[in-house]
Amino acid sequence: MTAVEERLHPSPGPPGKDSARRPKKAVASDDGVILQVRGLRKVYEVEDEKVVALGKISLQIKKGEICCILGTSGSGKSTLLNIMAGLEKPTRGHVIIAGREVTAMSEKELAVFRRQNIGFIFQSYNLMPQDTALENVAMPLVFKGVPKKEREARAKKMLARVGLKGRMKHRPSQMSGGQQQRVGIARAFISQPPVVFADEPTGNLDSHTTTEVMEMIVRMARRYHETLIIVTHDGDIARYADRIVRLVDGAIVSDTENVSVVPREEPETVDQPAQTQSKRTKPLADSKQGQNQTKG
Ligand SMILES: Nc1ncnc2c1ncn2[C@@H]1O[C@H](COP(=O)(O)OP(=O)(O)OP(=O)(O)O)[C@@H](O)[C@H]1O
Ligand SMILES: [Mg+2]
């Protein structure tokens, strides 16, 4: 893994002894389903002790859905997210994203797959320290072979969208935590990957900045019709999701539609946006095309 790859998709640690059981063929995705989790189990072995981090998790997430995985510390949220994103192998079970079996891929295949299909937002931002905000945001486009001029133009637009028009040349150490996370958001969405994962994206931020950052993440996801999976221990964060999946001790204890999702209206950006498109989002029922009618 290169340093850049490590920042974008950091490995959670050396792979365990356990290995995934693999079906022979890639499984096609069901109608409208972008991510499928089937019978996922993760057991860590530390010395003689076994820790069951995930019991038997099955889950389906639809394209364009904003799903929050909510649970207390140690409930298995990061383990689940890391396995879904192909950063860790399960002991048993399968993860299929956009019809491709992530759990059956080699490390090499995974690295390519993640670059093409997955965006990440991290609690600790994971920006390249020596690169400017502009360079950090443009990075995913390098992997996609986008020419430099176009990369810069698109990164500038994204930075303006997250209210950082005046911070393009700043390095991470020259920005506040909230600003760094906005760079992280712009980077996660710039290549419009099919799925964006966020692990405690506001864990290092104060409550005011948390609101700003969450509204921004959700606005981006809605704007690009992205599938967004947020894991958090914070019930306030869950308010932003269409769907809330609760984890307790590595098991799903509830999976509900969030009928009072916020924000319903698109707030203004802090800085001047690159273009003032729709000031209002459509009502949720219209814009989401009733996709939360059924749950997997
Ligand atoms: N590499 C590892 N080796 C052994 N046990 C682990 C490892 N990673 C996680 N665990 C254990 O698995 C369980 C789930 O951990 P996980 O990190 O997924 O929790 P979490 O819900 O993300 O918690 P937090 O909110 O504190 O980040 C915990 O009991 C933890 O101790
Ligand atoms: Mg965690």
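This is a predicted model: local features need pLDDT of at least 70, side-chain atom pairs count only at pLDDT 80 or more; totals for chains, interfaces and linings use all residues.
The shell counts 14 residues, and the closest to ligand 1 are Tyr44, Ala53, Ser73, Ser78 and Thr79. Two or more residues each come from strand E1 (33–46), strand E2 (49–62) and helix H2 (77–84). Of the elements that contribute, H2 gives the most to this shell, with three residues.

Attention now turns to a pair of helices. Two packed helices are described by the angle between their axes and the distance between the axes. For helix H4 (residues 133–143) and helix H6 (residues 177–189), the axes come within 7 Å and cross at roughly 25°. Angles under 35 degrees count as roughly parallel, and H4 and H6 are therefore roughly parallel to each other. Their crossing is right-handed. On the H4 side, the contact is formed by Ala133, Asn136, Val137, Met139 and Pro140, which meet Val183, Ala186 and Arg187 of H6. Sorted by class, this contact of H4 with H6 holds six nonpolar, one polar and one charged residues.

Strand E9 (residues 243–248) and strand E10 (residues 251–257) run antiparallel and are joined by six bridges. One residue to look for in the structure is Ile244, whose bridge partner in E10 is Thr256.

Terms used
Residues are numbered from 1 along each chain as its sequence is written. Chains are lettered from A and ligands numbered from 1 in the order in which they are written. Axes are lines fitted to C-alpha atoms, for helices over the stretch in contact, and angles run from 0 to 180 degrees between N-to-C directions. Helices (H or I, at least four residues) and strands (E, at least two) are DSSP runs, numbered from the N terminus. Angles under 35 degrees count as roughly parallel, over 145 as roughly antiparallel, 65 to 115 as roughly perpendicular and the rest as oblique. A crossing is left-handed if the near helix is turned anticlockwise from the far one by less than a right angle, and right-handed if clockwise. Two residues are in contact if their C-beta atoms, placed from the backbone, lie within 7 Å. Ala, Val, Leu, Ile, Met, Phe, Trp, Tyr, Cys and Pro count as nonpolar, Asp, Glu, Lys and Arg as charged, and the others, Gly among them, as polar. A residue is near a molecule or strand if its C-beta atom, placed from the backbone, lies within 6 Å of it. Two strands pair if DSSP finds at least two bridges between them.
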